[in-house]
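Please read the report below with the sequence and the model side by side.

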Amino acid sequence: MLASRAVEAATEDRAAVFARLTDRSLDRHYRLAAVILGDPLEAEDAVHDAALVAWRGFAGLRDLDRFEAWFGRILVNGCRDRLRARRRRPVIASIALLGDLDNGASPRVSVADVADRDELDRAFATLDPDHAVTVALRYYLDLTVAEIADRMGIPEGTVKSRLHHGLRRLRRAVERDAEQPR
């Protein structure tokens, strides 16, 4: 009886710590998933799935100060898997608009802004999953190359290469779009 109460108390403490750590950054992780996936509903599913994976592996996390990076890595890997599972994805969420919402400001949108955001979204959709995730982590979350490498579990040189090739592909896609008659 005493042992089962101790287990129950430890589980409650574990759940409270997990809830506190997750609540701190859940909105930010959701917005990142929405940028990567381009679909707010799929982003919700990805964050939910990441939370389940994190909960199941939470007992193995040795350093609670690394929770956000650990959870972010789980989420990014889940998003990358989702992108790989589909060949073509609809662009629903605007990268730039989500950035505005991240600042807590209500976005002011002009026709030129909409056109620019649409152009960027179409260009972003041309990236393969690894490049899309890397670019989103660098320019949406403003992570350093070392932080991206840590979060994705890849060497820094690979991050630099993916950024270089991803940005080159974005540039080409934007240039192609500008050349097309309207």
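## A surface arginine and its patch

R172 counts as partly exposed because its relative accessibility is 45%; the classes are buried (under 20% relative accessible area), exposed (over 50%) and partly exposed (in between), with a 1.4 Å probe and protein chains only. The model is a predicted one, in which local features need pLDDT of at least 70, side-chain atom pairs count only at pLDDT 80 or more, and totals for chains, interfaces and linings use all residues. Residues are numbered from 1 along each chain as its sequence is written, and side-chain values use heavy atoms, with hydrogens and water left out.

R172 is part of helix α8, which covers residues 156-179. On the surface, R172 gathers with R168, R171 and R176 in a patch of positive charge. A patch is built from residues with over 30% relative accessible area and no salt bridge, with like charges joined within 9 Å and nonpolar side chains (Val, Leu, Ile, Met, Phe, Trp, Tyr) joined within 5 Å. Lys and Arg count as positive, Asp and Glu as negative, and His and the chain ends are not counted.

H164 also lies in helix α8. H164 is partly exposed, because its relative accessible area is 47%. The C-alpha atoms of H164 and V135 are separated by 9.3 Å, and the two residues are 29 residues apart along the chain.

## Helices and the core

How many helices and strands does the chain have? There are 8 helices and 0 strands; helices (H or I, at least four residues) and strands (E, at least two) are DSSP runs numbered from the N terminus. Of the 182 residues in the chain, 38% are buried.

In soluble globular proteins, nonpolar side chains tend to be buried together. Here the largest nonpolar core has 41 residues, and L32, I36 and L137 have the most contacts inside it. The helices that each supply at least two residues of this core are α1 (2-37), α2 (40-57), α3 (67-85), α5 (111-124), α6 (129-139), α7 (145-152) and α8. Helix α1 gives the largest share of this core, 8 residues. A nonpolar core is a set of buried Ala, Val, Leu, Ile, Met, Phe, Trp, Tyr and Cys residues joined through side-chain atoms within 4.5 Å.

A136 and V76 are 60 residues apart in sequence, and their C-alpha atoms are 10.0 Å apart in space.

D121, a residue of helix α5, is buried as well, because its relative accessible area is 8%. Between the C-alpha atoms of D121 and G38 there are 8.4 Å, while the two residues are 83 residues apart along the chain.

## Charged pairs

A search of the whole structure finds 9 salt bridges. A salt bridge is a side-chain nitrogen of Lys or Arg within 4 Å of a carboxyl oxygen of Asp or Glu. The table gives some of these pairs.

| Pair | N to O distance |
|---|---|
| D49 and R82 | 2.5 Å |
| R80 and D130 | 3.4 Å |
| R138 and D142 | 3.0 Å |

D49 is partly exposed, because its relative accessible area is 35%.

D142 lies in the loop between α6 and α7. Although D142 is not a glycine, this residue has a positive phi of about 60°.

Methods:
Areas by Shrake-Rupley, 256 points an atom, 1.4 Å probe, with all protein chains shown as cover. Charge placed at Lys NZ, Arg CZ, Asp CG, Glu CD.
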